[in-house]
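Here are my notes on this two-chain model, point by point. Please read them with the coordinates open.

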Amino acid sequence: MSRVSVKIVGASGQGINSIGEILAKALKRSGYFVFGYREYPSLIKGGHASYQLDIASHKITSSKKIVDAVVSLDHHGLSIHLDEINDGGYLIHDMSEWDFGEEEKKKIEAKNIKVILLPTDEIIKELNAPYVVQNVLFTGLLWSAFNQDVSKLKEVVKERFASKPKLIDLNMNCIDKGYEFKSEEEIEIKLPDANKDCSDAMLITGNQAIGLGAVHAGVRMFASYPMTPASSILTYLAEIQNKTGMVIKQAEDEITASQMASASYFMGTRAMTGTSGGGFDLMTETLSMVGIIESPMVFVLAQRPGPATGMPTWTAQGDLLLAVHSGHGEFPRCVMSVSDAEDGFKLTAEAHNIAERFQIPVILLTDKHTAESLFTSEKFDQKSYEIDRGQLVDERDLSEMKAEDRFMITDDGVSPRWVPGQAAPGYNATSYENLPDGTITEDSVPAKEMFDKRMRKMKALKDSLPEPELYGANREPRSADRNEELDILIIGWGSTKNVLVDVLRDLSRQSNKLSSTERQSTSGEVASRLGSSRGSSLEESKIGYLHYSHLWPLKTEKLLELSSKAKKVVIVEGNNQSQLGMLIKQETGLSIEDKILKYDGRPFFYEEILERILNYKF
Amino acid sequence: MTQDNYKSMAKYSSPNPCTWCDGCGDYGIWTAVKRACAELELDPSEVLMCFDIGCHGNMSDKVGGCYRFHGLHGRVLPFAAGAKIANPKVNTIAFAGDGATFSEGMNHLVHSVRSNYPIVCLLHNNENYGLTTGQASAVTRQDTPMNSSPNGIPEATLSPMDLVFSLSPTFVARGTSCDIKQLTEIIKEGIQHDGFAYIDVLQSCPTYNKFMTAEFLREHCYAVGSDYDASDFENARRTAIDTSEKIATGVLYHAKDPRPSFVGRLKSRDGKKSSLVEEVEKGDVGGFMQEMV
């Protein structure tokens, strides 16, 4: 099998995340790329949660809806997830007294699901261990089902318990018990051949990557108020603050967080805030203020389903138009969106350069699916980034500055900037309309001049932004160009990229004439579908995915070229109204009728996208 | 005041004409602030004056030389705090009115006192919203007919001193807009305090506050004497809160060994000599990435 999916389910607080994280690390060190996806309710104990690992020998960034094994730590999981198990898959549990209902028995039989009972109660009694080791037993069992070297797993668990050495022996025993467990039915979850390329790769969440991007960009102050799914940026930066020396401020509300961070930026350091939709609503007056005082600022807006409290721990892409239109009045801004860990690092750092170069607010979107999913990612490139502080005046030139230079009218709208504390004339940075030195004005001519000056930044900014990136099927991703005559042009943004790239990779591996060994690494599902009658046209068809990471101002040249030549144009978004589609229509008049939209809190699963693409006819 | 100091006070002047009503208390506060900065011989480039929105905020372009920020209604405290954290060498003064501070900005005041940010909070207290034409604020006296509350306010009147003293402050003072000399000394002491310096300035508003006139303030306010012990918290609290007959002015509470300010309590900054504004450089995340392998 080219990719394997295992879903660990149970009550929140039962330690299902640690099974997922430990297995992910041990698998990665054994030569596998993994993608970890969490589903959990908005509460601390109880409720039903899951941690899914998708495993492959090549880079993988999506989850399947139908998995090869479900491991259930509670009885709810036994019925909830039956429909999500593959034909011939496993249902592993420890409910010794459990009787399946008639309907469930039929399903199990029809799909030939192998039900495995791991008698954790007995083993725990035998070891005289506390009940909390239940999850470690399952970890050991899964590791043997993967047919992997037990020492690799033990190494990871030892690292995890490094601060609690007394617990190490017990955990080692539990791993052995789980690993050595023999059920009547043999358990084998066959993994593809290992690939040593990933041994030096990281396992990192999108939010950790944003945190590292901030450190890399020289951010020295992060002010925030907890709100899922942005909170883990705050907690990660707080966790490493004694090493970075960054000031971490958990503020009394999002208004404060955004004001404090904006003030720190105003003073000449780099600062950032992070929140989700509801908190961002509170920050929008600050956003508008930053727009007129022409100070740089970066807001991370981590999306979850709204309106209002919505579904706090689930994913969405419903705040794109909020980001573009938020804040009263008109002012220049940049909106970007992260899609994976690498983007989290790169775009966060880039956002600060844009903010300083144009002295504008930048809104960096992410979503729960990117923020909290676990990516196997190459170590980030630390060489290419250069801090760009824009028009920040060199110390030597400060003496030549006059107060009225600070908001001087310029062709591109960007004026020289110096900051409080520097030996130069003071100016007034005011939220009122003002003259170039910050003197408040209500006169018609200068008011319009200043407005025009600020808005001219949008043109300069747009000119500087990259066109969206085209990922091609039948090509190595990222090498397709704008002159491509595509059969299907798919457009998207944010975490949607991850599933699209996975599907396109598998389609292109399959449709190229591959050697038998390469073919082996291709998704079985794609192979079987392409072998069917419908697949013949797809074999020659060219599919491109056009990914927008810079969303406002919107670059449309490449989109228009590609869409004019494509047989079919499809947009994929995690929202109800196709918000990027609305922006594209607003900017170009192009109306994209073919939409794949999802707004139930779940990300796009691999099969959903594959199915839709395979069903397109020409 | 020496001739030199007059000169340096001029460093804080602006060519823009004032726009306050005749007799407005803002004139007195405006003068006292410039004088305090001059007498402390602060270089204007090391002074940041942050203004809220209200009549007082229109001072932002009526002072010059130093750096000024003029933000959003109710939000001046978090901005001033964020500025100070980024560059503690800059003397940061937040000007705010009673309207915003005790309503929209209440959250920020509470947490600013609690956080002990090393900034001065100069509260222009004229007991009403002047700039929006005389509505009641949270500190407007009962039974006073105001624009939008012609029957007087149904809510209880808030006592700023009672509130601030309940939050373990490290510096609390009260001045008036009609005693510029005393107010100058208070502001100077506040600027030198390493912590949150709350200065409540009772100011006349000849247009909308017919009760708290300059005459009223002169008649009812008294300066605490040289024998007053400003380090006695309980006495300071009683003295500040009790305004039934006479109103005490001066530095009413100045903690003897105040707890460190917010900036001083940041463990992540232990041993750091530089400020955040001097530290913007490309950060090496190699070690953090290795932890993820």
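**Notes on the model**

1. Buried residues account for 55% of the 618 residues in chain A. Buried means that 20 or more other C-beta atoms lie within 10 Å of the residue's own; exposed means 12 or fewer, partly exposed is in between, and C-beta atoms are placed from the backbone.

2. A caution on the source: this is a predicted model, in which local features need pLDDT of at least 70, side-chain atom pairs count only at pLDDT 80 or more, and totals for chains, interfaces and linings use all residues. Residues are numbered from 1 along each chain as its sequence is written, and chains are lettered from A and ligands numbered from 1 in the order in which they are written.

3. Overall form of chain A. The C-alpha trace spans about 85 × 60 × 40 Å along its principal axes.

4. Chain A holds 23 helices and 21 strands. These are DSSP runs numbered from the N terminus: helices are H or I with at least four residues, strands E with at least two. Of the chain A contacts between residues at least 6 apart in sequence, 76% join residues at least 24 apart. A contact requires C-beta atoms, placed from the backbone, within 7 Å.

5. Strand 5 (residues 85-93) and strand 6 (residues 114-117) pair in the parallel sense over four bridges; pairing takes at least two DSSP bridges. A:Tyr90 has A:Lys114 as its bridge partner in strand 6. With helix 3 (residues 102-110) of chain A, the two strands make a right-handed β-α-β unit. Right-handed means that, with the strands pointing away from the viewer, the path from the first strand over the helix to the second runs clockwise.

6. Now the interface. On chain B, 48 residues contact 57 residues of chain A. Helix 3 (76-86) of chain B is among the elements supplying at least two residues to that side. Helix 3 of chain B gives the most, seven residues.

7. Pairing also crosses between the chains. Strand 15 (residues 428-430) of chain A and strand 2 of chain B pair in the parallel sense over three bridges. There, A:Asn428 has B:Arg68 as its bridge partner.

Methods
Contact = placed C-beta atoms within 7 Å.
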